[in-house]
Amino acid sequence: TVMGIVAKKNEWNVDGTTIHVEKEMSTAPPRRIARLGVRISVPNERANQLDQHARDALEHAANTCPVRLSIEPAIDVPVELVWGTR
């Protein structure tokens, strides 16, 4: 959502971007979510239109998302941005 807000504010088209979240549970008790791996994929036709400034701003938005920051102390939340996917 935050990346969408930044993109809209700057008139960057990120249509077709997908997000995949993989939940990993802890192996030791107590049973809990230990990691939420996030992969954000921007399609080639959009990635090719974004300069380094735009990519940096969108990556910053992803890494400073209020939801991510709220769960980060208890759960590992790595974010991977993939520029140029089909």
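Hi everyone. Two strands count as paired if DSSP finds at least two bridges between them, and helices (H or I, at least four residues) and strands (E, at least two) are DSSP runs numbered from the N terminus. What we have is a predicted model, where local features need pLDDT of at least 70, side-chain atom pairs count only at pLDDT 80 or more, and totals for chains, interfaces and linings use all residues. Residues are numbered from 1 along each chain as its sequence is written, and side-chain values use heavy atoms, leaving out hydrogens and water.

Let's start with the strands. Strand 1, residues 18-25, pairs with strand 2 in the antiparallel sense over eight bridges; M25, for instance, has I33 of strand 2 as its bridge partner. Strand 2 also pairs with strand 3, this time in the parallel sense over six bridges, and there S41 is partnered by V82.

Now to helix 1, residues 2-9. M3, V6 and A7 are buried there, meaning under 20% relative accessible area with a 1.4 Å probe, protein chains only. The face turned away carries I5, K8 and K9, which are exposed, that is, over 50%.

What covers the buried residues of helix 1? The cover includes strand 2 (33-43), helix 3 (52-63) and strand 3 (79-85).

Finally, please find W12. Leaving aside neighbours within four places in sequence, W12 is in contact (heavy atoms within 4.5 Å) with residues including V6, A7 and L58.
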